[in-house]
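Hi everyone, thanks for making time for this. I'd like to walk you through a structure, so let me put it up on the screen.

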Amino acid sequence: MRPQKCATTPPARARRGSSMVAVVVLTSLLLASIVSSPASAAAPSLTIVSPTDGALIANGTRALVQFLASNFAFVQPGRVGQTGSPNEGHANVFLDAQAVRLLTDVEPFSLSLTSGPHTIRIQLVADNGTSLNPDVSASVHVVATQGPGAGVPRITILSPTRLESTGHGIYVSYRIENFTLVEPRGQPNAPNEGHVQLLVESHVVMEVIQSEPVLLVSLPEGDITIGARLVNNDNTPLNPDAISNVPIHVVASSAVSLPLVSNGGVTLLLAFILVVLVLRRRKVVGRPPNGRGGNS
Amino acid sequence: MNARILAFLLGTVGMLIVSGIAAPNVRAAPAPTLSIVSPSPNEVIGNGGPVVVVFAVTNFNLTDPGSGTSSPDSGHVNVFADDEWTSTASVNTIVLALPSGEHTIRLQLVMDNGSALNPDVNASVAVMVTQGPSGGTPGLSISYPREGALVGTDSTISFRVTNFVLVPPGGPGGVPNEGHVRVLLDRAYYADLGDVAPLHLNLKDGPHNVTLQLVDDAGGPLNPDVRVTLHITVQALVGRAIPFDATPFLALANLLIGLGILAAIYRKLEAR
């Protein structure tokens, strides 16, 4: 044993030393890789706090979006000397697949929404704009409306009143509750918004977006029913139906009957004059020529 | 020997590291860049906007104006709409409210003191803003009265538009999916309508045709043309409950009786 120990030469010691250095370096690299491994780091996560999925964004307001991100550092992309690292980057916001925000912090933001259903999606991305692996995103579905967020839509005809006698043209006034009038232009339906249909004998004669009285003209004479109905943007009735009907009695105006009456009156007067003239003529024919009626 | 090799390798690696660290200080810094991510060129911004501009920069630190010393690799963005300065931005999203029509949005990187970089770094994009929807084909139809209807002297015409927003006339032409309705009565201009309120007509008796046509803000027809024509017949007493209209007979009777009176008077005069 001794001779062997003594047989340790300087090159052998150098080899042993370099081997130890290599082992230390490899161990350090292994530890470093373990410490810095993405697999060991907590994965980024993203949650949209508000609005909640299926929320109704009412009264035409903007949607305030609040979200939480964990294990992810928000930084401005494209900074000088930026090298990028895992769990660092920014967020892209999409409204119905359209990019609408690039977020470099977790501050709430607001979005302007048109009436109808929408999808808001937030995606965490790396500094270079590529999505994380695995992808980290969150989305919510919301419905925006110009109308109120609650309440049952209702319409009530205030004038004319029930069984009122009217002329052929009348103003119809009504009161609308829990419903906002918007111009129909082919946009999607949204809760508690739409327009008004006016009906005569169940036939739609006008579609309006005004809350002021509406003039109905050329109403048919007699006992009829007029109605006002709230409808969606695509003209379909609400569910449940919001309609108000009022029976009225339409009578002919004097402007229509006057010519008939006057014509009849003139006819009678002329007939009377003719009769008088004819009777007087007969009376004159029946008298003697001297006008005294006796023997001359 | 191995020790020398190890020393050589360590020395080489050290020099590489040192040279790599020192390089940025020696070489010129990469130039800042600016690009507009959204909207895409010539994109139609529907429903009146707003226009959301998302941009990206490289080699440039975005800072709030007045927050530090001016350097060519940090600062903010100047925002121009149609060559008019509108705002500054130090975040990657800009929200602009623009009226209907075509607009050019230009972004420019500037230093903290507001001066442009050298060379100038900017990016621009052209967009079209409309009050109408960004897509879809405009449509027009008449909901009341029906084709060929018999109506009274006073009548109303209700119509519907789809994928089109009615605005008062006078805006710039060529804006998609917005404009007004031109009304032609018996092929002659009658009115321009800037909303969907029913059209009130007061027509004399007889057949008439009413044409509604969608036109752009400047009054030009759409391409393809969108119009609808309604044929109606006006009769004054439509809707009146008159069991027997004796007016013509009374008129004839008046005439005959008048003649009779004249004859009677004549004979009376003749008899004298």
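Let's begin at Thr130(B), which has a relative accessible area of 0% in this predicted model, and so it counts as buried, the limit being under 20%. You'll find Thr130(B) in the loop between β9 and β10 (139-144) of chain B. Its side chain reaches the backbone nitrogen of Gly132(B) at 3.0 Å. What does Thr130(B) touch, once we leave aside its neighbours within four places in sequence? The contacts include a run you can follow on the screen, Val44(B), Ile45(B), Gly46(B), Asn47(B) and Gly48(B). Ser100(B) is also in contact with Thr130(B), and so are Val175(B), Pro176(B), Asn177(B) and Glu178(B).

Gln187(A) sits in the loop between β13 (180-181) and β14 (193-200) of that chain. Is Gln187(A) buried or exposed? Its relative accessibility is 14%, so Gln187(A) counts as buried. Not counting residues up to four places away in sequence, Gln187(A) touches Val182(A), Glu193(A) and Asn233(A).

In chain B, the peptide bond from Gly49(B) to Pro50(B) is cis, with omega near 5 degrees. Pro50(B) belongs to the loop between β2 (43-45) and β3 (51-58) of chain B. There is also a cis peptide bond from Asn118(B) to Pro119(B), again with omega near 5 degrees, and Pro119(B) is in the loop between β8 (101-111) and β9 (122-129).

Asn59(A) is not a glycine, yet its phi is positive, about 60 degrees. Asn59(A) lies in the loop between β2 (55-57) and β3 (63-70) of chain A. Asn235(A) has a positive phi too, near 70 degrees, and its place is the loop between β17 (222-231) and β18 (237-250) of chain A.

On to how the two chains meet. On the chain A side, 46 residues are in contact with 57 residues of chain B. Between them the chains bury about 4400 Å², and 59% of that is on carbon and sulfur atoms. How many salt bridges are there between chain A and chain B? The count is one: Arg160(B) pairs with Glu207(A), with the closest N and O atoms 2.4 Å apart. Polar contacts between the chains come to 15 residue pairs, both residues being at pLDDT 80 or more. As for which elements of chain A touch chain B, β6 (98-103), β15 (203-208) and α3 (254-286) each supply at least two residues. Of the elements on that side, α3(A) gives the most, with 13 residues.

Last stop, the surface of chain B. Take Leu256(B) as our example: it lies in helix α2 (residues 247-271) of chain B. With a relative accessibility of 53%, Leu256(B) counts as exposed, because the cut-off for that is over 50%.

That's my tour, and I'm happy to go back to any view you'd like.

Definitions and conventions:
Residues are numbered from 1 along each chain as its sequence is written. Chains are lettered from A and ligands numbered from 1 in the order in which they are written. Side-chain values use heavy atoms; hydrogens and water are left out. Helices (H or I, at least four residues) and strands (E, at least two) are DSSP runs, numbered from the N terminus. Buried means under 20% relative accessible area, exposed over 50%, partly exposed in between (1.4 Å probe, protein chains only). Contact means heavy atoms within 4.5 Å. Buried area is the accessible area (1.4 Å probe) that two parts lose on being put together, summed over both. A salt bridge is a side-chain nitrogen of Lys or Arg within 4 Å of a carboxyl oxygen of Asp or Glu. A polar contact is a pair of N or O atoms within 3.5 Å; within protein, one must be able to donate a hydrogen and the other to accept it, and residues adjacent in sequence count only if both atoms are side-chain atoms.
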